[in-house]
Amino acid sequence: MAIDPAAAYGLSGLVGLGAVGTLSLFIGLLPGGTHFGLYIVGLLGVVGIGFVVRDAVAFKFELPKGAELGFLLVFCAAMLIAIIGTLAPSTMTDWDTLAYHLAVPKIWITDGQIHPITYIHHSNFPQAVDNLYLWGLQWGGQSGAKAFSVEFLFYGLLAAFGLGRQEYGRWAGWWSGLGVASVPLIVWESGTAYIDVAHGLYAGLGIYFGAKLLANLDEKRWFWLSAIFLSLAAGSKYTGLQTIFAVAAIIGVGAIARALIKNSGGPDKAGPSRGVQLAVLLGVTAMATASPWYVRNELWKHNPVFPFFYNKLGGDGWDQRRADAYTHEQNTFGVGRIP
């Protein structure tokens, strides 16, 4: 079964952005790379537009009528709110935008290349999304950088709509898209330089295609799509590592459980070994694809997930006092702990 045209466009856009962000690491590490890289990335953008124009005939979209028009209006409203946030200057309400999401690439642009920044530990985080801001800042300042967040929202809406429509029909597509466009935090963050919307899309799609793989272990495209999106999840935020481990574990355990359930033909004897093999291969493939960020950290900081797990892994430019302070700060929000 072919992938829904809207989903194909959305998925391609998300993968393309993540691929450019990853490629930007290798370009930026070269002397002057954050300057001449503009032309390389710009050329890639032109090529991408060419593919969009070429394949436009496959994108079947009928103007909605009746209740469906209401869904489209919500989607447009979400995009408009995100665009307004992009055009407006960031303030302390989106502190991370100013503190490091845009501060780090601005330093690298000034210096002409990507290099260790000893006084901003966030510069060591995976940056498959953040590195896009290297180019956005030079094309259009703060708004140019934040415009990438609007792109992620747009492609995420297309992917959600298309996959929902493909699985359960046209109405399911609208409701799936609404599940993205109606979440206030998603809409707000799409007008900032935060990376969580992109990361959430990558992780969610990696889980989705992992589930498709578990349902049909012989379908290779589900394997590759899951591996690609899981790798981009780990390439945009450390928590993506947990997603890789969880998906691989569920596929392995699921395959074993399914094989133990007897049906009219008896146990599925081929299921366990094949399922476990695919689970391991999926995890290894996703990790290998995301590895440039962790190899960089190992070379720069001697800790692939710097500054986390300092007690176990250590890390140059960090100490126990900082580790304790960081842990204390992390425990003060979001999880209901009392410091």
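Reader: What is the basis of the values?

Author: This is a predicted model, in which local features need pLDDT of at least 70 and side-chain atom pairs count only at pLDDT 80 or more, while totals for chains, interfaces and linings use all residues. Residues are numbered from 1 along each chain as its sequence is written, and side-chain values use heavy atoms, with hydrogens and water left out.

Reader: How many helices and strands does the chain have, and what counts as one?

Author: The chain has 14 helices and 0 strands. Helices are DSSP runs of H or I with at least four residues, strands are runs of E with at least two, and numbering starts at the N terminus. Along the sequence the pattern is α-α-α-α-α-α-α-α-α-α-α-α-α-α.

Reader: How do you know whether the radius of gyration agrees with a compact globule?

Author: The rule is 2.2 Å times the number of residues to the power 0.38, with the radius taken over C-alpha atoms. For 339 residues a compact globule would have a radius near 20 Å, and the chain has 21 Å, so the two agree. The C-alpha atoms fill a box of roughly 65 × 50 × 45 Å along the principal axes.

Reader: What share of the contacts in the chain joins residues 24 or more positions apart?

Author: Among contacts with a separation of 6 or more, such pairs account for 71%. Contact means heavy atoms within 4.5 Å.

Reader: Why is Ser-190 called buried?

Author: Buried means under 20% relative accessible area, exposed means over 50%, and partly exposed lies in between (1.4 Å probe, protein chains only). Ser-190 has a relative accessible area of 1%, therefore it is buried. Of the 339 residues of the chain, 47% count as buried.

Reader: Where does Ser-190 lie, and what is in contact with it?

Author: Ser-190 lies in the loop between helix 8 (184-189) and helix 9 (196-215). Beyond its neighbours within four places in sequence, its contacts include Ala-82, Thr-86, Lys-146 and Leu-153. Its side chain also reaches the backbone oxygen of Ile-186 at 2.7 Å.

Reader: What makes Ala-325 partly exposed?

Author: Ala-325 has 44% relative accessibility, which means that it counts as partly exposed. This residue is in helix 14 (residues 320-330).

Reader: Why do His-302 and Phe-309 get their accessibility classes?

Author: His-302 is at 44% relative accessibility and therefore counts as partly exposed. Phe-309 is at 60%, so it counts as exposed.

Key: A polar contact is a pair of N or O atoms within 3.5 Å; within protein, one must be able to donate a hydrogen and the other to accept it, and residues adjacent in sequence count only if both atoms are side-chain atoms.
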